[in-house]
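Work through each task before consulting its solution.

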Amino acid sequence: MNITVSSSKDSLAEEFAYVLKEMSDTGEKIHVALSGGSTPKVIFDYIAEELGEDILWDNINFYWGDERCVPPTDSESNYKMTVDHLLSKVDMPEENIFRVLGENDPEEEAIRYSKVLESELPIVNGIPQFDLVMLGMGDDGHTVSIFPYNIELWDAKETCVVAVHPDSGQKRVTITGKVVNNAKAVAFLVTGANKAEKIKEIVMLEGNYEKYPASLVKPTSDDLTWYLDKEAAKELDF
Ligand code: 6PG
């Protein structure tokens, strides 16, 4: 587990932006699962503004680790957030973008998207393998759309399942733990003081860490990096 602490969201965005750039420079097609929520907004803005011309977008396929079951025009849509902050500003071919069809029936879409991942990605250990999975973490320690109350979804045998947000009841399609942990590399991007306590518990293996889905992220590749801003890292004593 690597941890990088940045002085600001912009410098965190810069660190992560160069990961994408380096991956796109390999010349191979790379498959990246994006996270949603609000943290990526500043990161995508930075990537678009500072590296939009440098990243070889033809070499990257974008997927989503989870998506809200809403239309792509809905303000809740992770796809819409990504279009607004990144895809509308860079020259990524449409055919490289594999969104979850949030407007579809959730159960049917979980099956369809599983098949998309199983056909587009290399299959390693019998599981679709991303080159990079980008993750966020909720205040409650959830990641992708697997929440503490239904942490057992992490071990589902499916590639994608339907999850329900514990407060809003919103349905979501999410990849499962086996897909996350089969990735070549995993990047957690977490900012804000409200995440600091959970970060400490998970990194230091303290308190109720085992109850948080984020603590189950342990890629078999061992390539896991936490990109934190100093607020999110403030409880870590190093
Ligand atoms: C989602 C995300 C989710 C997110 C965390 C953190 O669809 O909401 O994929 O896992 O990464 O909830 O969200 P914030 O970045 O908004 O804190």
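**Exercise 1.** Is serine 6 buried or exposed?

*Solution.* The model is predicted: local features require pLDDT of at least 70, side-chain atom pairs count only at pLDDT 80 or more, and totals for chains, interfaces and linings use all residues. Residues are numbered from 1 along each chain as its sequence is written, and side-chain values use heavy atoms, with hydrogens and water left out.

Step 1. Recall the cut-offs: buried means under 20% relative accessible area, exposed over 50%, and partly exposed in between (1.4 Å probe, protein chains only).
Step 2. Serine 6 has a relative accessible area of 5%, and therefore counts as buried.
Step 3. Locate the residue: serine 6 belongs to strand β1, residues 2–6. Strands (E, at least two residues) and helices (H or I, at least four) are DSSP runs, numbered from the N terminus.
Step 4. List its contacts (heavy atoms within 4.5 Å). Leaving aside residues up to four places away in sequence, serine 6 touches Ser11, Leu12, Glu15, Leu228, Asp229 and Lys230.

**Exercise 2.** Which residues does isoleucine 199 touch, not counting residues up to four places away in sequence?

*Solution.* 
Step 1. Isoleucine 199 is part of helix α6, residues 196–203.
Step 2. Its relative accessibility is 0%, so isoleucine 199 is buried.
Step 3. The residues touched by isoleucine 199 are Met137, Val190, Met204, Trp226, Leu228, Ala232 and Leu236.

**Exercise 3.** Which residues of helix α3 are buried, and against which elements do they pack?

*Solution.* 
Step 1. Helix α3 covers residues 78–87, and seven of its ten residues are buried.
Step 2. These are Asn78, Tyr79, Met81, Thr82, His85, Leu86 and Leu87.
Step 3. Because they cover an arc of only 155° around the axis, they lie on the same side of α3. The arc is that of the directions from the helix axis to the C-beta atoms.
Step 4. The buried residues of α3 pack against β2 (30–34), α2 (39–51), β3 (60–64) and β4 (66–68).

**Exercise 4.** What do the secondary structure and the burial of the protein come to?

*Solution.* 
Step 1. The protein contains six helices and eleven strands.
Step 2. Of its 238 residues, 57% are buried.
Step 3. The C-alpha trace spans about 45 × 40 × 35 Å along its principal axes.
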